[in-house]
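Please read them with the coordinates open.

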Amino acid sequence: MDRLVNTVRPYAWGSTTAIPELLGIAPTGEPQAEMWMGAHPGAPSRTERGALNELIAADPVRELGERTVEKFGPRLPFLLKLLAAGAPLSLQVHPDLAQAKAGYAAEEAAGIPVDAPHRTYKDANHKPELICALTPFDGLCGFRNPVEAADLMAALGVDSLKPYVDLLHAHPEEAALREVLTALLTADREEMAHTVAETHAAADRLGGDHTPYATLAHHFPGDPGVIAAMLLNRVRLQPGEALYLGAGVPHAYLEGLGVEIMANSDNVLRCGLTPKHVDVPELLRIVRFEPTELAVLRPEASPSGEEVYETPIDEFRLSRYVRAEGAAPTDVTAPTPQILLAVAGRTRAGEVTLSPGESVFVPAGESMELTGAGTVFRATVVA
């Protein structure tokens, strides 16, 4: 077992206080957006034995177990994060596995450097993800019913939005959503900037359900993603609730602290709310244009006390243990690799005491018990 030393990424949208408060340390005044736990080469966790990605590369079977290596290859299949949004993230979507492999191969063949700003595919993997709220968590995820989106836009009374309102009443729904998003992303930038400014003023005046779009326009003046965001469902998670996002589902997180787990990939296609490159043709090929009723996930308890967030993929499995004072030790030994992350109380993983925000990597098959009182998230795989 290895105590992890993890990198905090200072992205501009990060909260300045949420992660320091969890860790019990003083804020620096700088944004602290994500704390990465895992073996991603961009910011691998460190241990007393060395960087976690190097440990795994040196002996993948010992660290990951035979079943994991056979199924996923010689690397940790997931990346675990603490995500702290103090401002909106970009509106984005992720490819499925076949799309990622094809897109990555095409850009490699074209000789586009992997760090080029116009590069779309950073690797050949998909990026399904799960976000579990630690505080009230606000986001935009999946397409609304187009008529509901039309009503939201129409209520603003902005004349330049009327063509999009009319399109959203067309049938079939998938074609209506595709046509509106295409029109938004290909519109004249100067005209769109004027529309967003009018939308900002109207949303600020109306408040209520329109408040998030005033906030988006404040952070991203002139960005067509402000209007595109009105096509999406607004989702508000309470602590302990989670949301699973598969391929092709557009989303943007707005505010809150959560535990996020994903397949070990960095493939993001942006739709807006960003100064970064937006690959419109590829984006329109990847997005699934269908209204989505997203199910808020609540953990399912097992007799062992493990509360599991069920998802349809195998690269990751997220669960938690909420331990009371005086509870009997919990055996969490598994034939797969694990990362254990404490978020509340004072618990022990084997001989290692974990305060909130601290984590350990447990190699496959290593005997492990949890003791103490508090909440611990467990990340592993299905193999």
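1. A residue is called buried here when its relative accessible area is under 20%. On that criterion Phe143 is buried, and so is Phe289. Please keep in mind throughout that the model is predicted.

2. The count of aromatic pairs comes to three. In one of them, Phe137 and Tyr253, the ring centres lie 5.4 Å apart and the planes stand at 75°, and because planes over 60 degrees apart count as edge-to-face, the pair falls in that class. Phe137 belongs to strand 9 (residues 137-143) and Tyr253 to strand 12 (residues 251-263), so the pair ties together parts that are 116 residues apart in sequence. Phe137 counts as buried, with a relative accessibility of 3%, and Tyr253 is likewise buried at 3%.

3. Phe143 and Phe289 form a pair whose ring centres are 5.6 Å apart and whose planes meet at 20°, so this pair is stacked. It too links distant parts of the chain, since Phe143 sits in strand 9 while Phe289 sits in the loop between helix 12 (280-286) and strand 14 (300-301), 146 residues apart.

4. As for the charge over a ring, Arg9 lies over the face of Trp36, at 4.6 Å from the ring centre.

5. In helix 6 (residues 146-154), the buried residues are Pro146, Ala149, Ala150, Leu152 and Met153. Their arc around the axis is only 160°, which means that they lie on the same side of helix 6. These buried residues pack against helix 7 (162-168), helix 8 (173-186), helix 10 (211-219) and helix 11 (225-228). At the start of helix 6, a side-chain oxygen of Asn145 comes within 2.8 Å of the backbone nitrogen of Val147.

Key:
Residues numbered from 1 in each chain as written. Predicted model: local features only at pLDDT ≥ 70, side-chain atom pairs only at ≥ 80, totals over all residues. Heavy atoms only, no water. Phe/Tyr/Trp six-rings, centres within 6.5 Å; stacked < 30°, edge-to-face > 60°. Helix = DSSP H or I, 4+ residues; strand = E, 2+ residues; numbered from the N terminus. Buried < 20%, exposed > 50% of the residue type's maximum accessible area, 1.4 Å probe, protein only. Lys NZ or Arg CZ within 6 Å of the ring centre and 35° of its normal. Arc of directions from axis to C-beta. Contact = heavy atoms within 4.5 Å. Polar contact = N/O pair within 3.5 Å; in protein donor to acceptor, adjacent residues only side chain to side chain.
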